[in-house]
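Please open the model in a viewer and keep the selection tool at hand.

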Amino acid sequence: MLDRLEAIHQRYEELSRLLCDPEVINDTKKLREYSKEQAGLEEKNQAYIEYKETIEQLNDAKSMLEDKLDEEMRELVKAEIDELSRRKQELEERIKVLLLPKDPNDEKSVIVEVRGAAGGEEAALFAADLYRMYTRFAERQGWKVEVLEANTTGLGGFKEVVFSVDGNGAYSKLKYENGAHRVQRVPETESGGRIHTSTATVAVLPEAEEVEVEIHDKDIRIDTFCSSGPGGQSVNTTQSAVRITHLPTGIVVSCQDEKSQNSNKEKAMRVLRARLFDLKQKEEMEKMANARRMAVGSGDRSERIRTYNFPQSRVTDHRIGLTLHKLDLILNGELDEIIDALILHEQTELLKEQETKTS
C-alpha cells in the first residue's frame with residue numbers, strides 16, 4: 001500500500017512541475033490532460049501526506065515514553081499515542097477505499113433514457129415522475145440537464161424521455177439507477193381506487209467523446225421528417241426532425257425536440273455515440289473472465305432494482321435491502337441516502353474481493 005502511495009505522490013509532484021512548464025501551459029491539450037490527472041490524484045496524495053505525518057508524530061510520541069517523564073506528562077503522552085493510533089487506523093481504512101479500482105467513466109457526464117414499460121398510461125406517468133426526480137437531484141448537485149428527445153402522452157406522461165446530465169462525476173452517482181423501477185399506487189386513471197403495479201426502465205449511459213467512438217458517414221443513414229406531438233398531430237411542416245440509423249448495429253436514434261434540423265442531428269449523434277460506447281463496454285466486460293459481477297451499478301435493465309410504494313410512503317432498493325419511508329422526499333430528488341448506501345455497498349464488496357485475493 002505504501003509503495004503505491006509513494007508512486008502516486010511522486011507522480012503528483014511531477015505533474016505539479018509539468019503544469020508550471022511554459023511548453024505545457026501553451027499546449028491546451030496537455031494542460032487539460034495533466035490538470036485532470038492531478039485532480040484525480042489530489043485526494044490520494046493528501047491522504048498519504050496526512051498518513052506520513054501521523055506516523056512521524058506517533059513514532060515521536062512513542063520515543064518520548066523512553067525519556068524520564070513525570071507521571072502527569074507520561075499520561076498525556078499515552079493519551080496522544082492512543083489518539084494518533086486511532087487516526088492512523090482511520091487513515092488506513094480511508095486509503096484502502098481510495099486505492100480501490102475506479103470506474104474510468106465515473107467523472108463523465110451522462111445521457112439518461114427513461115421509458116414507460118408495463119402499465120400503459122400509468123407507466124408513462126411514472127416515467128415522468130422519475131424524470132422530475134432525476135432533474136431535481138441534478139439541480140441539487142449543480143449539474144445541467146438538457147432534454148434530447150421526449151415522446152409524451154396526452155396526460156403529461158412520457159412513453160420515453162432522453163436527457164443529458166452535464167456535470168463532473170454525474171456517472172459516478174447516476175450509474176446506480178440503471179434498471180427497472182416499479183411503482184405501486186392508485187393510478188390517476190383508475191376510478192375504483194385499486195392499487196396498480198407499473199414499471200419504467202432507466203438506462204444511464206456515460207457520454208462519449210468523439211475520439212472514444214468513431215462514427216463513419218458510410219455507417220449511418222439519416223432520414224428527416226416533420227416533428228409530431230402527442231397523439232401524432234403535426235407540430236410543424238418543416239423537415240426538422242431527424243432519425244439516424246447506425247447500419248452495422250441497427251441502433252436507431254431520433255430527435256425532434258428542436259426546430260432546427262442541425263440541432264436535432266447534433267443531439268441524435270450524442271445519443272448514438274453514447275449507445276455505441278455503452279455497447280462497446282458491454283462487449284469488453286463480457287470478454288473479461290473476472291468481470292465485477294457484484295457491482296450494483298452494472299445495470300441489467302431487466303432487473304427490478306427499486307420499488308416505490310405510495311400507500312406506505314416507502315421506497316425499497318432490492319439490491320441492498322434498503323427501505324426508507326421518505327417517498328415524497330426521494331421523488332423530490334433527495335436521492336443521496338440511497339446512492340451513498342449503494343456506493344458503500346460496492347466499496348465493501350470490492351474490499352472483500354481484494355482481501356480474498358491477498359489472503
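The model is predicted, so local features need pLDDT of at least 70 and side-chain atom pairs count only at pLDDT 80 or more, whereas totals for chains, interfaces and linings use all residues. Residues are numbered from 1 along each chain as its sequence is written, and side-chain values use heavy atoms, with hydrogens and water left out.

**The largest pocket**

Select Lys102, Asp103, Pro104, Asp106 and Glu107, which lie nearest the centre of the largest pocket among its 40 lining residues. The volume of this pocket is about 1,400 Å³. On a 1 Å grid over the protein atoms alone, a pocket is an open set of points where a 1.4 Å probe fits, with protein on both sides within 12 Å along at least five of seven lines; lining residues have an atom within 4 Å of a point. Grid points are joined across faces, edges and corners, and the volume is the space filled by probe spheres set on the points.

Next, select helices H1 (2–18), H3 (28–64), H4 (71–98), H7 (261–287) and H9 (336–358), each of which supplies at least two residues of the lining. Helices (H or I, at least four residues) and strands (E, at least two) are DSSP runs, numbered from the N terminus. H3 gives the largest share of the lining, seven residues. Colouring the lining by class shows 13 nonpolar, six polar and 21 charged residues. Here Ala, Val, Leu, Ile, Met, Phe, Trp, Tyr, Cys and Pro count as nonpolar, Asp, Glu, Lys and Arg as charged, and the others, Gly among them, as polar.

**Glu122**

Move to Glu122 in helix H5 (residues 120–141). Is Glu122 buried or exposed? Glu122 is buried, with a relative accessible area of 4%; buried means under 20% relative accessible area, exposed over 50% and partly exposed in between (1.4 Å probe, protein chains only). Leaving aside residues up to four places away in sequence, Glu122 touches Val183, Arg185, Pro187, Glu188 and Ser198, where contact means heavy atoms within 4.5 Å.

**Aromatic pairs**

The whole structure contains four aromatic pairs. Select Tyr131 and Phe163: their ring centres are 5.1 Å apart and their planes stand at 75°, so the pair is edge-to-face. Rings of Phe, Tyr and Trp (its six-membered ring) pair if their centres lie within 6.5 Å; planes under 30 degrees apart count as stacked, over 60 as edge-to-face and the rest as tilted. Tyr131 in H5 and Phe163 in strand E3 (residues 158–166) are 32 residues apart, so that the pair links distant parts of the chain. Both residues, Tyr131 and Phe163, are buried.

Strand E2 (residues 144–152) runs antiparallel to E3, joined by eight bridges; two strands pair if DSSP finds at least two bridges between them. Thr152 stands opposite Phe158. Five residues separate the strands of this hairpin, in which Gly156 has a positive phi near 95°.

Finally, select strand E7 (residues 241–246), which is largely enclosed by the rest of the structure because five of its six residues are buried. Six bridges connect E7 to the antiparallel strand E6 (residues 220–225), with Ile244 as the bridge partner of Ile222. E7 also pairs with strand E8 (residues 251–255) in the antiparallel sense over five bridges, and Thr245 is opposite Val252. The hairpin of E7 and E8 has four residues between the strands, and Gly250 in the turn takes a positive phi of about 80°.
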